[in-house]
Amino acid sequence: MSGADDLVERARHGDRIAFRAIVDAHRRRVLNLAYDLTGTIEDAEDLSQEAFLKLYRSLGTFRGDCSISTWLRTITISLWIERGRARNARLHRALSTLDDETADSRLSLTESSGDFPDRSAERSLIRDQIETAMKKLSPRERSVLVLRFFNDLKLTEIAGTLAISEGAVKSHLFKAMRKMRKRLAFLAESG
Amino acid sequence: MYTCKDIQSMIPGSLGPECDEELRRIVGEHIASCPGCAREYEESRSVVEILGTRERPELSDAFWMRWNDRLERGLDEIDRERSVKITAVPHSWFGPRIRLFGTVSAAAALLLIGIAIGRFLPGSSGRDRVAAVVPTAPVSTVTSDAMKFLDRSKLVLLGMDVADTAADADFTPEYRRLREISRELLRESPVLQERLGDANQVRLAALLSELDIILIQIANIDERHETQDLELIRAGMERKDLLFKIGLETIVTDSMNESSAVSHDGLGRL
């Protein structure tokens, strides 16, 4: 039995020190993935905490078919996709209660300036643009993109993590790239 | 033989590190003789390059200490839950019966509370039903209108926070809808603020006026500069703590309504 397996086995039997060691070994990677998925450090903190708590609750059902690292990745992404669904369902419910009558614009409204930040803020602008573009992706598209380009996973590994076919991974990745290209085209041109 | 459509769907998988070598070969051979797919490939490659510039934040030791403490608290909670589960139901025979007893007791308690509320709330007796058709005082009407206004504004603000996560299009239908609702609210707001003339409605009027600023920004979202506009709006919402203030106002008004309902009920019974 390897050291990692031994830790998992001890943690399964309630050894908190062993679980702590697992956390120490994986927390940075899980937090990075959570940050890639959520886009803010606050949300990443929440998601990574949730992922480890879920791991702790479910260690008893861990069969060892994959590594703890793969399992943690799957847990993190599932939790994030679930959150997205709940958030969108809440929004749609809320919006459906509002009157959707269209308004004729009789107000004298100010025009937005549309000014761009200066060049010194370029890096921050690029980061914001990437983040905004990524927000346009569906949870599955974002997951696939993040796993492929930020975590360097192969298509087969992504399929395994998300429990979908490799064809589905290709399709999500293709759609994700289309949207990213559309949103980031001006950066590509200026770069 | 692959079509251009096949090749274009393979391009993302052929880019970046750890890419599929077979895909890379197929795509490479095709783009050598197909300018259309070569352009697609170049554009996708540029995007992957841009994505590669994205940095993750550096986290301090203090962050990790706080993170560890928080996790420890979560783990303690799970351990506590587990120990409660083990000690609370020592015998499998008792488990379902205790749960059944609990459910029946809870249902009975709810029924009694329901009867009590029905008995004491205004509108439950014949006299109260007559009273209910008498117009209420203007002050409470305007407060109630203002609260409905705040409810709708709150939904718009919440919508601004999350609308884009589900979006596929550039400027989503959700934003268009939120923009239209904001315009409606802006038309109602001045009239409502004028009606809020009472001394105890000053805070409510001030909140409406604060909301106006954000609603104007939402009503003005320009589809061409959507990103910049959204950032400004979200920053404004956060700076002004608008959702918190709306929540606070709702609690205060609800508690005032409750106390006025009690006193009104008491008078009606004299």
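Because the model is predicted, local features need pLDDT of at least 70 and side-chain atom pairs count only at pLDDT 80 or more, whereas totals for chains, interfaces and linings use all residues. Residues are numbered from 1 along each chain as its sequence is written, chains are lettered from A and ligands numbered from 1 in the order in which they are written, and side-chain values use heavy atoms, with hydrogens and water left out.

Read along the sequence, its pattern is accordingly α-α-α-α-α-α-α-α-α-α-α. Of the 270 residues of chain B, 36% count as buried, a word that here means under 20% relative accessible area, with exposed meaning over 50% and partly exposed in between (1.4 Å probe, protein chains only).

The charged contacts come next. Side chains of opposite charge can pair when their charged atoms come close. A salt bridge is taken as a side-chain nitrogen of Lys or Arg within 4 Å of a carboxyl oxygen of Asp or Glu, and a search of the whole structure finds 31 of them over all chains. One of these joins A:Arg16 to B:Asp76, with the closest N and O atoms 2.8 Å apart. This pair crosses between chains, from helix α2 (residues 16–38) of chain A, where A:Arg16 lies, to helix α4 (residues 61–88) of chain B, where B:Asp76 lies. B:Asp76 is partly exposed, its relative accessible area being 32%.

Within chain A, A:Glu141 forms a salt bridge with A:Lys179, the closest N and O atoms being 2.8 Å apart. The pair links distant parts of the chain, for A:Glu141 sits in helix α6 (residues 139–150) and A:Lys179 in helix α8 (residues 166–190), 38 residues apart. A:Glu141 is buried, with a relative accessible area of 6%, and A:Lys179 is buried as well, at 16%. Elsewhere, salt bridges that share partners join A:Arg16, A:Arg20, A:Asp24, B:Glu72, B:Asp76, B:Asp79 and B:Arg82 into one network.

Other charged residues form a surface patch instead. A:Glu42, A:Asp43, B:Glu238 and B:Asp241 make up a negative surface patch; patches are made of residues with over 30% relative accessible area and no salt bridge, like charges being joined within 9 Å and nonpolar side chains (Val, Leu, Ile, Met, Phe, Trp, Tyr) within 5 Å. Of these residues, B:Glu238 is placed in helix α10 (residues 226–240) of chain B and counts as exposed at 65% relative accessibility.

What of the cysteines? A disulfide is a covalent bond between the sulfur atoms of two cysteines. With the rule that the pair of sulfur atoms lie within 2.5 Å, the count over all chains comes to zero. The sulfur of B:Cys34 has its closest cysteine sulfur in B:Cys37, at 3.7 Å, which is too far for a bond. B:Cys34 is buried at 14% relative accessibility, and B:Cys37 is buried at 0%.

Most residues other than glycine have a negative phi, and most peptide bonds are trans. A:Asp152, although not a glycine, has a positive phi of about 55 degrees; A:Asp152 lies in the loop between α6 and α7 (155–162) and is partly exposed, with a relative accessible area of 30%. A:Ala163 likewise has a positive phi, near 55 degrees, and is found in the loop between α7 and α8, where A:Ala163 is exposed at 70% relative accessible area.

Terms used
Accessible areas come from the Shrake-Rupley method with a 1.4 Å probe; for residues, only the protein chains shown count as cover. Lys and Arg count as positive and Asp and Glu as negative; His and the chain ends are not counted. The place of a charge is taken as NZ of Lys, CZ of Arg, CG of Asp or CD of Glu. Helices (H or I, at least four residues) and strands (E, at least two) are DSSP runs, numbered from the N terminus.
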